[in-house]
Amino acid sequence: MSNAYSEAAARPPVKTRYDGVMLFLHWSVALLILVAFAIAQGRGLVPRGPERTALMDLHRSLGVLVLALVALRMVWRAVSSPPMPADTAPLLLLAAKAGHLALYVLMIAVPLAGLLMTQAHGHPVALFGVFTLPTLVGENHAFGDTLEKLHELFGTAIIVLAGLHAAAALVHQYVLKDGTLSRMLPWGNR
C-alpha cells in the first residue's frame, strides 16, 4: 500500500486548465485577428489618403504580431502540454484536432500572405512604424494580386473557423457540460 501511495505521489498532477501563458497567447491572438479583420472590412469607410494608409499600416503590424505570437504559441504548446480533455468521443476528438490544425495553418497563412502580398506590390512592411521588415519577395504585381485573393479568402476562412471553434466550445460547455470552455477562460475554475 505504501508503494502505491509513493507511486501516485511521484506522478505529476493531471492538468485540467491551460496555463497563464497559453491563456494570454490564445486571447491575444484572437483579439488581434478580430481587430485586424475589422480594420480590413472597414477600410473602405476611410477615404484614400494618410489616414487610410495609417489604418492599413496598423492592419499589417497586427498581422505581423499575430504571426509572432502564433510562433510563440506553437513553441509554448510543444514545451507545455495542454490539459487532459474530458472523456470525449473519438470522432469529436478528431474533429477538434482537425479544427485546431486548420486554425494554426490559417493563423500562419493569413499574415504571411498579407506580408508577401504587400511586398510583391512594391511596398515595405513597417512594424508599428518602428522598423521595416526584410523584403522576402521582389516586386511582382501579378503575384501580389494572387496573394491578395488568397489573403482575403484565408482571412474570411479564419473568421468562419474561429466562429465554429467558439460555437463548439459553447456546445461543450453548456450542452455536453464537460468544462471545455472553462479550461480556456481566464476566470474559469482553477
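At what angle do helix α2 and helix α3 pack, and how far apart are their axes? The views below start there. This is a predicted model, in which local features need pLDDT of at least 70, side-chain atom pairs count only at pLDDT 80 or more, and totals for chains, interfaces and linings use all residues. Residues are numbered from 1 along each chain as its sequence is written, and side-chain values use heavy atoms, without hydrogens and water.

**View 1. Helices α2 and α3.** Helix α2 (residues 20-42) packs on helix α3 (residues 50-79) at about 155°, and their axes lie 9 Å apart. Helices here are DSSP runs (H or I, at least four residues), numbered from the N terminus. Axes are lines fitted to C-alpha atoms over the stretch in contact, and angles run from 0 to 180 degrees between N-to-C directions. The pair is therefore roughly antiparallel (an angle over 145 degrees). Their contact residues divide into 20 nonpolar, three polar and two charged. Nonpolar means Ala, Val, Leu, Ile, Met, Phe, Trp, Tyr, Cys and Pro; charged means Asp, Glu, Lys and Arg; the others, Gly among them, are polar.

View 2. The whole structure holds one salt bridge (a side-chain nitrogen of Lys or Arg within 4 Å of a carboxyl oxygen of Asp or Glu). Arg60 pairs with Asp57, with the closest N and O atoms 3.0 Å apart. Arg60 and Asp57 are three residues apart in helix α3, so about one helical turn separates them.

**View 3. Helices α4 and α5.** Helix α4 (residues 90-120) meets helix α5 (residues 141-174) at an angle of about 150°, with axes 8 Å apart. α4 and α5 are therefore roughly antiparallel. The contact of α4 with α5 has 17 nonpolar residues, eight polar and one charged.

Note on methods. Helices (H or I, at least four residues) and strands (E, at least two) are DSSP runs, numbered from the N terminus. Angles under 35 degrees count as roughly parallel, over 145 as roughly antiparallel, 65 to 115 as roughly perpendicular and the rest as oblique.
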